[in-house]
Amino acid sequence: MPEVEEQMQTVYSLNELEQVAADIIDAARDEHIWLIDGDMGAGKTTLVKAMAKKLGVINTVSSPTFSIVNEYHDREGKTIYHFDFYRLKSEAEAYDIGVNEYLESGNLCWIEWSEKIPSLLPDRCFKIQLEVNDPQTRTIHYVREEENRL
Ligand SMILES: Nc1ncnc2c1ncn2[C@@H]1O[C@H](COP(=O)(O)OP(=O)(O)O)[C@@H](O)[C@H]1O
Ligand SMILES: [Mg+2]
């Protein structure tokens, strides 16, 4: 099926977070590896928490700052891995904790600070970009692939 790509760009406040999380989940569809990029304070972990809630995750969702990876389970029992590579010193360190196995597990992987592991990322990823506008709002960018109905 031919697909067309639509560049999505949305400004949102915390009031719209739930809707944005739902839209992302819909847009990412069957992609397994989601990169959540943006500076410190851009709202990456906040978005992850909202997406986890949407999927029915009941564990506490917080940034895996010390463990590098957190494991969650959605309402169907499916595993989700949440990485935060902010404190990663080298790609070798990521390799040593078995990041490849996580990424190749077929489970959903949400990755903060993916730029720390450029050579470990697969070619095909769902990319989410966050930017701070002002204290009350953020801009989110992602690409939505639509089935070409023409
Ligand atoms: N869309 C938004 N609008 C306003 N504030 C937001 C938004 N998203 C996140 N924040 C706030 O920004 C701060 C940093 O968010 P956080 O998710 O921890 O950032 P990151 O994980 O990117 O470092 C938090 O106080 C959070 O409430
Ligand atoms: Mg974070």
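The following legends describe several views of a predicted model.

Residues are numbered from 1 along each chain as its sequence is written, while chains are lettered from A and ligands numbered from 1 in the order in which they are written. Because the model is predicted, local features need pLDDT of at least 70 and side-chain atom pairs count only at pLDDT 80 or more, whereas totals for chains, interfaces and linings use all residues.

View 1. Helices (H or I, at least four residues) and strands (E, at least two) are DSSP runs, numbered from the N terminus. Along the sequence these elements follow the pattern β-α-β-α-β-β-α-α-β-β-β. The C-alpha trace spans about 45 × 40 × 30 Å along its principal axes. For 150 residues, a compact globule would have a radius of gyration near 15 Å, and the chain agrees with its 15 Å; the radius is taken over C-alpha atoms, and the globule rule is 2.2 Å times the number of residues to the power 0.38. Buried residues make up 29% of the 150 residues. A residue is buried if 20 or more other C-beta atoms lie within 10 Å of its own, exposed if 12 or fewer, and partly exposed in between, with C-beta atoms placed from the backbone. Of the contacts with a separation of 6 or more, 64% come from residues 24 or more positions apart; two residues are in contact if their C-beta atoms, placed from the backbone, lie within 7 Å.

**View 2. The surroundings of ligand 1, formed by 15 residues.** The closest of these residues are Gly-43, Lys-44, Thr-45, Thr-46 and Arg-138. H2 gives the most, with three residues. A residue is near the ligand if its C-beta atom, placed from the backbone, lies within 6 Å of it. By class, the shell has five nonpolar, eight polar and two charged residues. Here Ala, Val, Leu, Ile, Met, Phe, Trp, Tyr, Cys and Pro count as nonpolar, Asp, Glu, Lys and Arg as charged, and the others, Gly among them, as polar.

**View 3. Helix H2 and the elements it packs against.** The buried residues of H2 are Lys-44, Leu-47, Val-48, Ala-50, Met-51 and Ala-52. They pack against H1, S2, strand S3 (69-73), strand S4 (79-84), S5 and S6. Just after H2, Gly-56 takes a positive phi of about 85°.

**View 4. Helix H1 (residues 17-28) and its buried side.** At 1.5 Å a residue, the twelve residues of H1 should span 16 Å, and the end C-alpha atoms are 16 Å apart, which agrees. The expected span is 1.5 Å times one less than the number of residues. Val-20, Ala-21, Ile-24 and Ala-28 are buried in H1. These residues cover an arc of only 100° around the axis, which puts them on the same side of H1; the arc is that of the directions from the helix axis to the C-beta atoms. An α-helix has 3.6 residues a turn, so residues three or four places apart point the same way. The face turned away from the buried side carries the exposed residues Gln-19 and Asp-26.

**View 5. Arg-29 and Trp-113, two loop residues with positive phi.** Arg-29 follows H1 and lies in the loop between H1 and strand S2 (33-37). Although Arg-29 is not a glycine, its phi is about 40°. With 9 C-beta neighbours inside 10 Å, Arg-29 counts as exposed. Trp-113, also not a glycine, has a positive phi of about 60°. Trp-113 is found in the loop between strand S5 (108-112) and strand S6 (126-134). It is partly exposed, with 19 other C-beta atoms within 10 Å.

**View 6. Cys-125 and its contacts with Ile-33 and Leu-35.** Cys-125 lies in the loop between S5 and S6. The residue counts as partly exposed, with 17 C-beta neighbours inside 10 Å. Not counting residues up to four places away in sequence, Cys-125 touches Ile-33 and Leu-35. Cys-125 and Ile-33 are 92 residues apart in sequence, yet 5.1 Å apart in space, C-alpha to C-alpha.

**View 7. Asn-107 in the loop between helix H4 (99-103) and S5.** Asn-107 is partly exposed, with 15 other C-beta atoms within 10 Å. Residues up to four places away in sequence aside, Asn-107 touches Thr-79, Ile-80 and Tyr-81.
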